[in-house]
Amino acid sequence: MATMSQSINFFTSSSSSSRSGTFAVSKPSYSKPYVFKMNPRILEKFVKRSMSVSCSDPDSPLPVLVSDNGTSGGAGVESVNVWSPIAESSTIEVDAVTEAEMKENGFRSTRRTKLVCTIGPATCGFEQLEALAVGGMNVARINMCHGTREWHRSVIERVRRLNEEKGFAVAIMMDTEGSEIHMGDLGGAPSAKAEDGEVWTFTVRALESSLPERTIHVNYDGFAEDVKVGDELLVDGGMVRFEVIEKIGPDVKCRCTDPGLLLPRANLTSWRDGSLVRERNAMLPTISSKDWLDIDFGIAEGVDFIAISFVKSAEVINHLKSYIKARSRDSDVAVIAKIESIDSLKNLEEIIQASDGVMVARGDLGAQIPLEQVPSAQQKIVQMCRQLNTPVIVASQLLESMIEYPTPTRAEVADVSEAVRQRADALMLSGESAMGQYPEKALAVLRSVSLRIERWWREEKRPEGMELPDIASSFADSISEEICNSAAKMANNLMVDALFVYTKTGHMASLLSRSRPDCPIFAFTTMASVRRHLNLQWGLIPFRLNFSDDMESNLNRTFSLLKARGMIKSGDLVIAVSDMLQSIQVMNVP
Ligand SMILES: Nc1ncnc2c1ncn2[C@@H]1O[C@H](COP(=O)(O)OP(=O)(O)OP(=O)(O)O)[C@@H](O)[C@H]1O
Ligand SMILES: CC(=O)C(=O)O
Ligand SMILES: [K+]
Ligand SMILES: [Mg+2]
């Protein structure tokens with residue numbers, strides 16, 4: 001350790017409410033601030049005189065007590081910058097990766113598109129999760145179709161620990177299984193190959209012992225009654241195809257017409273005369289009894305998002321939202337509607353209105369509508385979500401080949417680019433990160449393609465071309481909406497460096513994000529859970545910060561905190577808005 005010779009500067013602020021005698025210290029190379037405690041009387045004196053103190057004296061008046069790694073510092077510690085003479089709970093929280101990125105490349109070039117990773121056997125260890133967080137994962141998704149309760153709990157626990165220990169704000173999304181019709185788990189085999197012309201039996205029979213050869217269990221009891229001879233049976237939306245040739249009680253004999261690999265629990269759909277068969281299977285509940293148990297589990301574990309598979313109407317979303325409220329009054333679990341059925345496309349607007357977020361679940365969607373209709377459906381959903389201010393995730397097969405290979409195909413890169421160009425809030429990895437061979441590489445591809453396309457968009461100064469309708473439902477909301485629309489427009493016209501928003505609920509931040517401004521949006525919020533929710537939304541850099549109703553002092557404090565950590569500099573032009581004050585402030589960082 002270097003000997004101590006540099007000075008400590010106190011940045012005082014008029015509103016410093018808690019001169020409790022604890023203040024935080026940071027040095028650029030430490031990811032976490034050091035926290036020192038000192039005699040409140042002495043601190044008060046420093047604060048009053050706004051003075052610089054030299055710590056070179058071993059008998060310095062600073063009785064330094066603790067640092068973040070538990071060792072006690074003291075007069076012998078390395079030189080440090082004291083950036084806030086206030087309680088440690090009032091420091092600013094942002095993850096080390098964002099901070100480092102902002103310092104290195106400037107915050108203008110931070111990534112705007114958010115990234116969701118499905119966690120599975122390839123990524124469930126603590127180090128693997130950390131590598132994903134470092135690689136830019138904003139949301140970790142667990143799919144209740146796979147894995148045990150204990151497994152899910154351990155993943156949630158590790159993500160939580162990662163956030164606590166490393167300062168990330170990775171949100172957790174729990175995805176329900178839904179009443180989809182799928183195959184059994186192939187008796188433990190990782191896959192099975194179906195060859196052209198082979199006859200396979202799909203059965204609803206409860207099989208006690210191991211499965212006979214070329215026999216697949218189907219989870220839906222009505223399967224054998226719903227299908228007819230001549231129907232086409234699609235596995236995973238057409239990865240493998242069969243023709244139904246005979247029905248014998250609970251057994252359905254099928255001949256393979258398109259060979260391929262059958263994966264455990266793969267989804268099944270049947271088609272008749274070019275359309276999806278909708279018999280009794282259309283009556284299955286959106287939320288099954290197993291899903292309700294999983295939802296209870298998710299609420300109890302405090303996940304940030306619950307994604308509902310095969311949503312048909314807004315009703316189920318509203319039903320779940322009131323259930324969540326009833327279960328836990330101050331729960332803020334957000335509900336994501338997965339658009340992956342024909343019915344959801346019919347009721348798209350009401351579903352988007354009712355939901356806190358939407359997922360374009362192209363995997364199953366492509367099994368329910370002809371594949372060539374998926375791109376236009378995606379574009380329509382993304383646009384409508386933006387208009388109604390609902391965050392939207394584009395999911396499935398973005399980099400499918402990277403499950404096996406370390407580089408993506410050109411077509412996959414073009415697909416990712418298109419989703420970024422449509423300005424979706426987030427992109428999602430499924431098998432690529434859950435069970436693929438190159439999860440980190442796949443994430444790196446999403447990251448670099450997003451950054452490149454976003455920059456291209458800004459450099460080309462592409463006109464927005466989207467009218468944003470008024471969405472406010474009250475006069476107060478209208479004011480917020482007008483302020484955010486105008487602030488975003490001003491930010492573009494004045495070419496400001498950043499938008500700042502101080503928001504307790506996150507609503508103002510989402511309204512700014514909706515405008516997709518050229519500059520990044522620094523969203524300051526008091527609650528860690530709001531910070532995690534904002535991590536799903538386009539262009540937001542969420543910070544946790546305790547702030548007051550006094551905007552002037554909030555701004556001064558934020559400037560000091562961010563300047564001291566090298567995240568902004570004097571002269572940067574900023575526009576600030578807040579929940580508390582109905583105004584737009586434009587200023588240079590002092
Ligand atoms: N928890 C898990 N345990 C084991 N394998 C998993 C797990 N999560 C995902 N996988 C594997 O990764 C693949 C892709 O994951 P993904 O979540 O996209 O599932 P999916 O089965 O395609 O269903 P969905 O339509 O719900 O997305 C799965 O088919 C499965 O093989
Ligand atoms: C993600 C998902 O559920 C799908 O694409 O079907
Ligand atoms: K699912
Ligand atoms: Mg699906």
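This is a predicted model: local features need pLDDT of at least 70, side-chain atom pairs count only at pLDDT 80 or more; totals for chains, interfaces and linings use all residues.

Mentor: Residues are numbered from 1 along each chain as its sequence is written, and chains are lettered from A and ligands numbered from 1 in the order in which they are written.

Trainee: How do helix 3 and helix 4 lie to each other: parallel, antiparallel, perpendicular or oblique?
Mentor: Helices here are DSSP runs of H or I with at least four residues, strands are runs of E with at least two, and both are numbered from the N terminus. The axes of helix 3 (residues 126-134) and helix 4 (residues 149-166) come within 10 Å and cross at roughly 60°; axes are lines fitted to C-alpha atoms, for helices over the stretch in contact, and angles run from 0 to 180 degrees between N-to-C directions. Under 35 degrees counts as roughly parallel, over 145 as roughly antiparallel, 65 to 115 as roughly perpendicular and the rest as oblique. So helix 3 is, relative to helix 4, oblique.

Trainee: Which residues of helix 4 meet helix 3?
Mentor: Contact means that C-beta atoms, placed from the backbone, lie within 7 Å. On the helix 3 side you'll find Phe 126, Leu 129, Glu 130 and Ala 133. Their partners in helix 4 are Arg 158, Val 159, Leu 162 and Lys 166.

Trainee: What about helix 12 and helix 14: how many nonpolar residues are in their contact?
Mentor: These two pack at an angle of about 50°, with their axes 9 Å apart. Val 413, Val 416, Ser 417, Val 420 and Arg 421 of helix 12 meet Leu 446, Val 449, Ser 450, Ile 453, Glu 454 and Trp 457 of helix 14. Ala, Val, Leu, Ile, Met, Phe, Trp, Tyr, Cys and Pro count as nonpolar, Asp, Glu, Lys and Arg as charged, and the others, Gly among them, as polar. Sorted that way, the contact has 2 polar, 2 charged and, for your answer, 7 nonpolar.

Trainee: Is the crossing of helix 15 and helix 16 left-handed or right-handed?
Mentor: Their axes come within 9 Å and cross at roughly 45°. A crossing is left-handed if the near helix is turned anticlockwise from the far one by less than a right angle, and right-handed if clockwise. This crossing is right-handed.

Trainee: Which helix gives the most residues to the shell around ligand 2?
Mentor: A residue is near a ligand if its C-beta atom, placed from the backbone, lies within 6 Å of it. Residues around ligand 2 include Lys 338, Glu 340, Arg 362 and Asp 364. With 3 residues, the top contributor is helix 10.

Trainee: And around ligand 1, how many polar residues are there?
Mentor: Gly 120, His 146, Gly 147, Ser 430 and Ala 434 come nearest of the 16 residues there. By class, the shell has 5 nonpolar, 2 charged and, as you asked, 9 polar.

Conventions. Two residues are in contact if their C-beta atoms, placed from the backbone, lie within 7 Å.
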